[in-house]
Amino acid sequence: QVQLVESGGGLVQPGGSLRLSCAASGFTLDYYAIHWFRQAPGKEREGVLCINSIGSTNYADSVKGRFTISRDNAKNTVYLQMNSLKPEDTAVYYCARGVTVGCDDGYDYWGQGTQVTVSS
């Protein structure tokens, strides 16, 4: 059974950092891309970053230089390191499994999301 479980969200002050985790089970990371998305209240879902066995793809210009994506195959977990956080980064963050190893081929399974709130 495919499952994705996000964790690591919380309340952080502007300029702070958080590391989100996406723990995968029921499949092996090597064969699939993993995407991070976010959705702020009243806004459309936004792609943030994607990682696969080749490298990573950045979807959102707003996070370039601040967010990085990585993975630990031994733990079957993907991480989203978020630095220099801004209030506009406040959103529910979701990870999703790609349909294939490519970052351009859509997604099929989603986690439940983790809330990130950036506020003083």
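1. How many helices and how many strands does the secondary structure of the chain come to? The count is zero helices and 11 strands, where helices (H or I, at least four residues) and strands (E, at least two) are DSSP runs numbered from the N terminus. Read from the N terminus on, the elements therefore run β-β-β-β-β-β-β-β-β-β-β.

2. A word on the basis of this note: the model is predicted, so that local features need pLDDT of at least 70 and side-chain atom pairs count only at pLDDT 80 or more, while totals for chains, interfaces and linings use all residues. Residues are numbered from 1 along each chain as its sequence is written, and side-chain values use heavy atoms, with hydrogens and water left out.

3. On overall form, a compact globule of 120 residues would have a radius of gyration near 14 Å, and the 13 Å of the chain agrees with this; the radius is taken over C-alpha atoms, and the globule rule is 2.2 Å times the number of residues to the power 0.38. Along its principal axes the C-alpha trace spans about 40 × 25 × 25 Å.

4. Buried residues make up 43% of the 120 residues in the chain, with buried meaning under 20% relative accessible area, exposed over 50% and partly exposed in between (1.4 Å probe, protein chains only). The chain exposes about 6,100 Å², of which carbon and sulfur atoms supply 46%; accessible areas come from the Shrake-Rupley method with a 1.4 Å probe, and for residues only the protein chains shown count as cover. Among contacts (heavy atoms within 4.5 Å) between residues at least 6 apart in sequence, 57% join residues at least 24 apart.

5. Strand E1, residues 3-7, has a covered face made up of Leu4 and Glu6, and an uncovered face with Gln3, Val5 and Ser7. E1 pairs with strand E3, residues 18-25, in the antiparallel sense over five bridges, two strands being paired if DSSP finds at least two bridges between them. Within E3, Ala24 is the bridge partner of Leu4.

6. Arg38, which lies in strand E4 (residues 34-39), deserves a separate point. Is Arg38 buried or exposed? Arg38 is buried, because its relative accessible area is 7%. Its side chain makes polar contacts with the side chain of Glu46 at 2.7 Å and with that of Ser62 at 3.2 Å. A polar contact is a pair of N or O atoms within 3.5 Å; within protein, one must be able to donate a hydrogen and the other to accept it, and residues adjacent in sequence count only if both atoms are side-chain atoms. Leaving aside neighbours within four places in sequence, the residues in contact with Arg38 include Val48, Phe67, Asp89 and Tyr93.

7. The structure holds five aromatic pairs. In one of them, the rings of Phe27 and Tyr32 have centres 5.3 Å apart and planes at 85°, so the pair is edge-to-face; rings of Phe, Tyr and Trp (its six-membered ring) pair if their centres lie within 6.5 Å, and planes under 30 degrees apart count as stacked, over 60 as edge-to-face and the rest as tilted. Phe27 counts as buried at 10% relative accessibility, whereas Tyr32 counts as partly exposed at 21%.

8. The rings of Tyr94 and Trp110 have centres 6.5 Å apart and planes at 80°, so this pair is edge-to-face. The pair links distant parts of the chain, with Tyr94 in strand E9 (residues 91-98) and Trp110 in strand E10 (residues 107-110), 16 residues apart. Tyr94 is partly exposed at 21% relative accessibility, and Trp110 is partly exposed at 32%. Phe37, Tyr94, Tyr107 and Trp110 form one aromatic cluster.
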